[in-house]
Amino acid sequence: MATPPPLPKTKIYLASRSPRRRELLKQIDVSFEVLVLREHPARGLDVDESVHPGEAPADYVRRVALAKAEVGWRRIEQRRLRRFPVLGADTAVCIGEEILGKPADRADAARMLRLLSGREHRVLTAVVLKFEDRVEEVASESRVRFCDLDEADLETYVKSGEPTDKAGAYVIQGRAAAFVTEIHGSYTGIMGLPLYETAQLIRRFRT
């Protein structure tokens, strides 16, 4: 196998709109630029984030994270940008093998939160780094348990707007933290970017 070309040591591209992932990369002092991907159906999607029939959650997050990194790399080539590694990531909240995506509306958010109430669920995050033909990935799986949610707390949370556009209809670092009784795994992975695994992945690319 041919030795991969040397990598720049100063910066990566983040193929994501997520402000949380930006904050997390800054937390570990990673220099990056954002490659904004189209996510609005009316304007065309850069990445198909729909779940394929029979697709397991772990396979789903890996597929979507890889697709984001590949789309980001094509963007670099098309725009003739400076060549730095591209990071793509995806997170899924799941009950068993059922993936709870972003809620369609408030009623859907309430439905998801009722599923999570009083139960343990899994949060899976895959991270992919791509540079030229080199692609590597890491994955994180965490378990989160919610308390029993009464309808008043559930409705108040839904009306806050926080569940909108969030996988599983909640964010761990927001108001929903008051629902969490146990966490096993990576807190930052639940946020959307497991920092230990991501740092190790970037370090491998820089050696």
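Aromatic pairs first. A search of the whole structure, which is a predicted model, turns up 5 of them.

Take Tyr13 and Phe84. Their rings sit 5.6 Å apart, centre to centre. The planes make an angle of 45°, so this pair counts as tilted, not as edge-to-face, which needs over 60. Where are the two residues? Tyr13 is in strand S1, residues 12-14. Phe84 is in the loop between H2 and strand S3, which covers 86-95. In sequence they are 71 residues apart, so the pair ties together separate parts of the chain. Buried or exposed, these two? Both Tyr13 and Phe84 are buried.

Next, Trp73 and Phe131. This pair is edge-to-face. The centres are 5.5 Å apart, and the planes are at 70°. Again, distant parts of the chain are linked. Trp73 belongs to helix H2, and Phe131 to strand S5, residues 120-131. That is 58 residues apart. Trp73 is buried, and Phe131 is buried too.

There is also a cluster. Which residues form it? Phe146, Tyr157, Tyr170 and Phe179 make up one aromatic cluster.

Is Lys68 buried or exposed? Its relative accessible area is 6%. Buried means under 20%, so Lys68 is buried.

What does Lys68 touch, leaving out residues up to four places away in sequence? Two of its contacts are Arg21 and Leu37. Val47 and Glu49 are on the list as well.

Notes:
Residues numbered from 1 in each chain as written. Predicted model: local features only at pLDDT ≥ 70, side-chain atom pairs only at ≥ 80, totals over all residues. Heavy atoms only, no water. Buried < 20%, exposed > 50% of the residue type's maximum accessible area, 1.4 Å probe, protein only. Contact = heavy atoms within 4.5 Å. Phe/Tyr/Trp six-rings, centres within 6.5 Å; stacked < 30°, edge-to-face > 60°. Helix = DSSP H or I, 4+ residues; strand = E, 2+ residues; numbered from the N terminus.
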